[in-house]
Amino acid sequence: MFVPHNREKDPVREPIMPIYTAQKVTTDTTSAGPPLQPQEGYRHSLEVVSLLLAYPEAELRCMLNNFSPPPCPIQRIPRLDAVVNTFASTVSLLPLSTWQGIYVDTFDLDPASSLHLTWHVFGDSPRQGRALAAINEIYRDAGFAPVPGELPDYLPMMLEFMAVGPEWATVCLGEKFGATLAKLTTHLDTHHSPYTPLLEHVLEVLTIPPHSREVIV
């Protein structure tokens with residue numbers, strides 16, 4: 001989904017840049033805590049989850065059937081192969097049309113499960129457009145540009161970028177959208193979605209607390 005983007009960068013630019021231009025709003029007065037520190041091996045995990053969040057086609061089922069874990073299991077978090085196996089045990093034996101129906105019902109017909117993360121914060125307000133532009137700026141500053149046709153806040157695209165982009169950009173996006181991702185994960189869990197373990201794994205490899213507070217800056 002990404003192509004190289006050549007842009008001269010300022011080496012002294014502060015990498016953790018704000019996603020939003022709106023006035024800061026918080027729902028918690030406690031300190032934000034230390035910055036995120038993605039776990040070792042997070043890139044492979046995010047790449048796999050980004051693929052599994054795609055609309056299910058026959059190729060995706062084939063990938064599940066032939067999945068092999070990374071050579072070094074990630075420490076202190078559920079192993080990626082166990083997470084994928086949990087997901088596969090639920091969906092891989094379903095008729096493909098049934099699996100596709102679950103996907104559409106979950107991510108296309110339920111707004112609270114939208115994979116477009118800025119929608120959960122701004123809806124269709126003009127502030128969403130500014131947030132999308134800021135995400136694109138992060139992609140470009142990291143040396144990438146999304147292929148036209150998808151909004152930059154689309155979670156599978158964002159995870160794909162985090163899997164290959166610089167760690168400062170992963171930390172930036174994780175800190176700014178962590179609360180939204182945690183909220184989405186909780187919603188899926190409440191509805192017993194088979195996609196819940198995938199997003200729980202993302203929260204863990206990025207060290208995002210499951211009940212992360214909402215912070216908009």
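Student: Which residue's backbone oxygen lies 2.5 Å from a polar atom of the S92 side chain?
Tutor: This is a predicted model, with residues numbered from 1 along each chain, and local features need pLDDT of at least 70, side-chain atom pairs count only at pLDDT 80 or more, and totals for chains, interfaces and linings use all residues. Side-chain values use heavy atoms, leaving out hydrogens and water. Here the S92 side chain has its polar atom 2.5 Å from the backbone oxygen of A88.

Student: Is S92 buried or exposed?
Tutor: S92 sits in the loop between helix 3 (80–91) and helix 4 (96–108). Buried means under 20% relative accessible area, exposed over 50%, partly exposed in between (1.4 Å probe, protein chains only). At 16% relative accessibility, S92 counts as buried.

Student: Which residues does S92 touch, if we skip those up to four places away in sequence?
Tutor: Touching here is contact, with heavy atoms within 4.5 Å. With that sequence limit, S92 touches R61, L64 and N65.

Student: What is the phi of H192, which is not a glycine?
Tutor: H192 is in the loop between helix 8 and helix 9 (196–205). H192 is also exposed, because its relative accessible area is 71%. Its phi is positive, at about 55°.

Student: Where is T207 found?
Tutor: T207 isn't a glycine, yet it has a positive phi near 55°. At 29% relative accessibility, T207 counts as partly exposed. Helices (H or I, at least four residues) and strands (E, at least two) are DSSP runs, numbered from the N terminus. In those terms, T207 is found in the loop between helix 9 and strand 4 (215–216).

Definitions and conventions:
A polar contact is a pair of N or O atoms within 3.5 Å; within protein, one must be able to donate a hydrogen and the other to accept it, and residues adjacent in sequence count only if both atoms are side-chain atoms.
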